[in-house]
Amino acid sequence: MTTRTLVAGGLVLTQDPALGDLPAADILIEDGTIRAIGPALETPGGAEVIDASDMIVMPGFTDTHRHTWQTAVRHTYADIDPLQYFAEMLGPVGAAYTPEDVYLGTLLGALSALDAGITTLVDWAHVMNTPGHADAAVQALTESGIRAVFAHGWPLTPEWTRDSALPHPADIRRLKERYVASDDQLLTLAMAARGPEMARPDVWLADLRLARDLGIRTTVHVGAYAHNAHHRAVARLRDAGVLGPDLTFIHCCRSHDDEIAMIADAGASVSLGVHCELNSPGMGDIPLDRILAAGLRPGLSGDTETKCAGDMFTQMRLLLAYHRSWTGGGHSRLKDPPPLGTRDVLEFATLAGARVAGLGDLTGSLTPGKQADLILIRANDLNLAPVTDPAAAVVLAAHPGNVDTVLVAGRPVKRGGRMLTTALPGLLADAERSRRRVLARIVADRRATA
Ligand SMILES: [Zn+2]
């Protein structure tokens, strides 16, 4: 039997360039797919009606890179040298993560992403210590109800990340068979690759070939911090003839100008973890002026909540302010840096992000035929009303508390400002226990290395 929902009478920011904004429109959803958008659509018999009057209706956000497994130890690296985060979380502390820690962090992170209106999440899981860790992450993503790209990484012991001679874990083949061969279209598999900054040339080439054999996308950190930028990872991929549109490059802060051009020429994409980039001394300037000048439209990300906020409102707001302060302040190296508006950053957080995640045909805009991944933001909340420019209201002033309703593939996960999951509050108690275990390991590691 067909399930129908009508989202009625909202101020709709479709993010579809052909449809634009619709001041009072209905959205008809059938079996999770958007069937029609327009004023005064007929309500089909049996349809559930969601009243969207006094609401801004828009596509859910896409987070293009988040280390969701770390959610239980949020904000623990707020005032600490970012290099210590790498030494600890991506060292012995991460190596001691159990599958249960990964499950709890990933479930909490995915649910809080949904609560904040993120309907698609690229879960960057570089804590694949055993196949059980991968299963735990996938289980958490699936239980959360979020649309996820599970980016499978590597175990957190040094031989995997320092001039590594080890190929990407073969378990990724099992994951493709086990989870993605099914019809569950909420889960997509990608490779979270180490690339030329961490692996030997024969290894990163073989890893990329493996991803392409499996028909999955590859996402890789490049150009963050001077010690990584000197590898010229993008240029080496180009020289090897393997740069392509199935690659996403994260950060690129210190990537060289010619490498930014190579990314654009290859049709590859860029993901910016705005708040973390601004919060990490030494990482380098956000390359937004340079990537816009090259014609790229980046996706945004919450990166790691150990040192920043994960929601997209924060990323959008900071990126706009950063660009205007930096570029407007005359700091850009470009003679004529491109301008940036609220509409641009809203696009980065939605349609551009979905494209970066490889899901631009499925989500990222409210377009008939696409999945009904959408959010309702209360336009009559005190921090937003009265609304003159809805895009500006969302980008400049909205926050997760304004998100009233969240649908993923037409299925409600948040209504009336409340998450519908039954996992809470047990999850919070379990995550607290995981937090204590992980923090104890951090303390023990600091004692051992003092
Ligand atoms: Zn990252």
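Is His-168 buried or exposed, going by its C-beta neighbours inside 10 Å? Look at the first view to find out. A word on the model first: it is predicted, so local features need pLDDT of at least 70, side-chain atom pairs count only at pLDDT 80 or more, and totals for chains, interfaces and linings use all residues. Residues are numbered from 1 along each chain as its sequence is written.

**View 1. His-168 sits in the loop between β8 (147–152) and α5.** His-168 has 26 C-beta neighbours inside 10 Å, so it counts as buried (buried means 20 or more other C-beta atoms within 10 Å of a residue's own, exposed 12 or fewer, and partly exposed in between, with C-beta atoms placed from the backbone). Skip the neighbours within four places in sequence, and His-168 is in contact with Trp-154, Met-191, Ala-193, Asp-207 and Leu-210 (contact means C-beta atoms, placed from the backbone, within 7 Å). Take Met-191: it is 23 residues from His-168 in sequence, yet the two C-alpha atoms are 8.8 Å apart in space.

**View 2. Helix α3 covers residues 99–115.** Helices here are DSSP runs (H or I, at least four residues), strands are E runs of at least two, and both are numbered from the N terminus. After α3 comes Gly-117, with a positive phi near 90°.

**View 3. Helix α4 (residues 131–144) meets helix α5 (residues 171–180).** Their axes come within 10 Å and cross at roughly 35° (axes are lines fitted to C-alpha atoms, for helices over the stretch in contact, and angles run from 0 to 180 degrees between N-to-C directions). On the α4 side you'll find Pro-131, Ala-134 and Val-138, and they meet Asp-171, Arg-174, Leu-175 and Tyr-179 of α5. That contact has five nonpolar residues, two charged and no polar ones (nonpolar: Ala, Val, Leu, Ile, Met, Phe, Trp, Tyr, Cys and Pro; charged: Asp, Glu, Lys and Arg; polar: the others, Gly among them).

Conventions: Contact = placed C-beta atoms within 7 Å. Expected span 1.5 Å × (residues − 1).
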